[in-house]
Amino acid sequence: MPVERHVLVVFPHPDDESFGAAGAIALHTRAGAPVTYLCGTLGEMGRNMGKPFFATRETLPLVRERELYDACAVLGIDDLRQMGLRDKTIEFEDQQVLAARIAAVIEEIQPSLMITHYPGHGVHPDHNALGAAAIRATTLIAPERRPVIHAHAISANREEALGRPDVVLDLADVLDVKLAAIRAHRSQSEAMLAELEKEFNRDPAVRKRGMRNWRQEMYWTYHA
Amino acid sequence: MQAIETSAVQATLDRFANQDVFIHLETTNGAYAAHRQEQTMAVCAFIRNGLVRYHRGTVAGIGPYRVGLKMEQGWIYAEGLTDWELDEQGRLLMAGHDSDGRLAIALELSTEPFGL
Ligand SMILES: [Zn+2]
């Protein structure tokens with residue numbers, strides 16, 4: 001993996017960076033590349049409140065903001081920028097305005113690589129909308145200054161539609177960092193990790209398959 | 001939050017009656033419901049900072065609970081409420097959590113707008 005000049009990560013929810021791209025981010029920060037994370041919302045409408053639940057609909061954004069800072073510390077992200085959008089509403093915002101806001105950050109930090117959701121393959125409407133805005137943003141930049149785009153796809157039909165991912169990262173060296181980042185998002189991950197552990201303990205084959213998935217991150221280079 | 005105790009919730013509903021109040025009403029089965037095939041589709045609705053006035057607000061059931069707010073020209077209804085809290089800002093927060101602690105429904109009342 002080449003050392004990037006600067007990496008820009010654009011995702012809508014605190015925890016997208018950890019569940020989705022913690023491995024890539026950790027590999028980049030370890031290699032010495034600065035990482036800027038443009039986070040769209042505070043995940044205000046999340047359904048997970050911790051298990052047992054410790055957040056309310058009204059305290060959740062504060063809880064998740066703290067978790068986000070913790071995860072950034074784990075991942076070595078020292079430039080976290082919040083866009084102040086609201087969970088579930090990104091697709092209803094003026095898409096041109098969103099793209100312009102992201103383009104301004106690209107102009108400022110001149111990233112060599114941008115990581116975002118693959119539009120149409122993010123499953124959550126916020127993922128699709130912000131991914132599309134981020135990609136649109138690059139078209140507002142002079143071609144020679146456009147970052148390479150590694151798009152994260154989580155749809156069930158991703159390989160059917162997009163083919164095999166051209167970027168496959170081996171996370172063996174940073175898997176512990178990825179798990180620590182996910183754990184930092186306690187309100188969102190605790191229940192799910194406990195459930196996973198139960199499944200893993202039930203069946204060694206499931207554990208083997210599961211760990212193979214965890215040890216890899218896949219991206220599709222997007223040509224805007 | 002704590003488990004709903006109807007007499008305390010009823011008293012609080014009475015306090016919010018007959019005045020303009022901001023409402024947050026929401027129900028969701030999760031943005032990934034269809035993806036995880038828990039359900040055939042993701043379903044969610046929310047209203048945040050609707051301004052309403054009811055003259056009769058009632059909590060009913062033996063748990064999970066229902067709340068009905070009767071307005072001059074309509075009704076507000078929520079079913080599946082399990083927990084409640086009167087927070088430091090004097091807001092009435094009610095929610096329904098499933099066995100995994102995930103929020104399935106929320107009904108909240110406040111005399112000041114909820115944060116955006
Ligand atoms: Zn997300």
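How many helices and strands are there in chain B? There are one helix and nine strands in this chain, where helices (H or I, at least four residues) and strands (E, at least two) are DSSP runs numbered from the N terminus. This is a predicted model, in which local features need pLDDT of at least 70 and side-chain atom pairs count only at pLDDT 80 or more, while totals for chains, interfaces and linings use all residues. Residues are numbered from 1 along each chain as its sequence is written, chains are lettered from A and ligands numbered from 1 in the order in which they are written, and side-chain values use heavy atoms, with hydrogens and water left out.

Along the sequence, the elements of chain B run β-α-β-β-β-β-β-β-β-β. The C-alpha atoms of chain B fill a box of roughly 45 × 30 × 25 Å along the principal axes.

The zinc ion is coordinated at 2.0 to 2.7 Å by the atoms in the table, donors being N, O and S atoms within 2.8 Å of the metal (3.2 Å for Na, K and Ca), and since water is not among the atoms, sites may look incomplete.

| Residue | Donor atoms at 2.0 to 2.7 Å |
|---|---|
| His13(A) | ND1 |
| Asp16(A) | OD and OD |
| His127(A) | NE2 |

The donors follow the spacing H-x2-D-x110-H along the chain. Asp16(A) lies in helix α1 (residues 16-30) of chain A and His127(A) in helix α4 (residues 125-138) of chain A, so this pair ties together parts that are 111 residues apart in sequence. Both Asp16(A) and His127(A) are buried, that is, under 20% relative accessible area with a 1.4 Å probe and protein chains only.

Technical notes:
Buried means under 20% relative accessible area, exposed over 50%, partly exposed in between (1.4 Å probe, protein chains only).
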